[in-house]
Amino acid sequence: QKGKFRFQLRAFRLKNSQSFGNTSSPFFEMLRKLDRPTGATWIKVYQSNVVRHDLHPLWNQASLDIEAICNGDLDRSIKIIIWDHRRSGKHKHMGEFETTVAGLLNAKELEDSGEVVSFQVHKHEK
């Protein structure tokens, strides 16, 4: 597949990773999977805007070349990682999930039909 993939993501009920009465300021990264002889690696292809002090963020709409996201394969794995923005640059991991461009397109179709669509976000404790 060639062309542009236009998307807008939002999250609900993110767990606050701040303390002292502050609220997290989330952003997300989209990564594409590259299969190599030494194993799979993930390469960042997009970083969203930061939504300040919001645990139910609606990020800005974006448009990317399908080639850049999944090399034209709508069933190739992509990963979405959600971070809490820190001024220091040491952003705090809030969670992540894997899907495909086809999975995101299917979610959009289901949402348009009135069904609620969600992806389970997993938090890896370090």
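The model is predicted: local features need pLDDT of at least 70, side-chain atom pairs count only at pLDDT 80 or more, and totals for chains, interfaces and linings use all residues. Residues are numbered from 1 along each chain as its sequence is written, and side-chain values use heavy atoms, with hydrogens and water left out.

**Exercise 1. The salt bridges**

How many salt bridges does the structure hold? Work through three of them, and sort their residues into buried, partly exposed or exposed.

Solution. 

Step 1. Count. The structure holds four salt bridges. Such a bridge needs a side-chain nitrogen of Lys or Arg within 4 Å of a carboxyl oxygen of Asp or Glu.

Step 2. Buried means under 20% relative accessible area, exposed means over 50%, and partly exposed lies in between (1.4 Å probe, protein chains only).

Step 3. Take Asp65 and Lys4. Their closest N and O atoms are 3.3 Å apart. Asp65 sits in strand β4 (residues 62-65) and Lys4 in strand β1 (residues 4-7), so this pair links parts of the chain 61 residues apart. Asp65 has a relative accessible area of 39%, so it is partly exposed. Lys4 reaches 56%, so it is exposed.

Step 4. Take Lys44 and Glu29. Their N to O distance is 3.4 Å. Lys44 belongs to strand β3 (residues 39-47) and Glu29 to strand β2 (residues 26-36), so the bridge ties parts 15 residues apart in sequence. Lys44 is partly exposed at 45%, whereas Glu29 is buried at 13%.

Step 5. Take Glu96 and Lys79. Here the N to O distance is 3.6 Å. Glu96 is in strand β6 (residues 92-100) and Lys79 in strand β5 (residues 77-84), so parts 17 residues apart are tied together. Glu96 is buried at 14%. Lys79 is buried at 13%.

**Exercise 2. The pocket**

Which residues line the second largest pocket, and how do they divide by type?

Solution. 

Step 1. Define it. On a 1 Å grid over the protein atoms alone, a pocket is an open set of points, where a 1.4 Å probe fits, with protein on both sides within 12 Å along at least five of seven lines; lining residues have an atom within 4 Å of a point.

Step 2. Give the volume. It is about 180 Å³, the space filled by probe spheres set on the points.

Step 3. List the lining. It consists of Gln18, Asn22, Thr23, Ser25, Arg52, His53, His85, Arg86 and Arg87.

Step 4. Sort the types. Asp, Glu, Lys and Arg count as charged; Ala, Val, Leu, Ile, Met, Phe, Trp, Tyr, Cys and Pro as nonpolar; the others, Gly among them, as polar. The lining has no nonpolar, six polar and three charged residues.

Conventions:
Helices (H or I, at least four residues) and strands (E, at least two) are DSSP runs, numbered from the N terminus.
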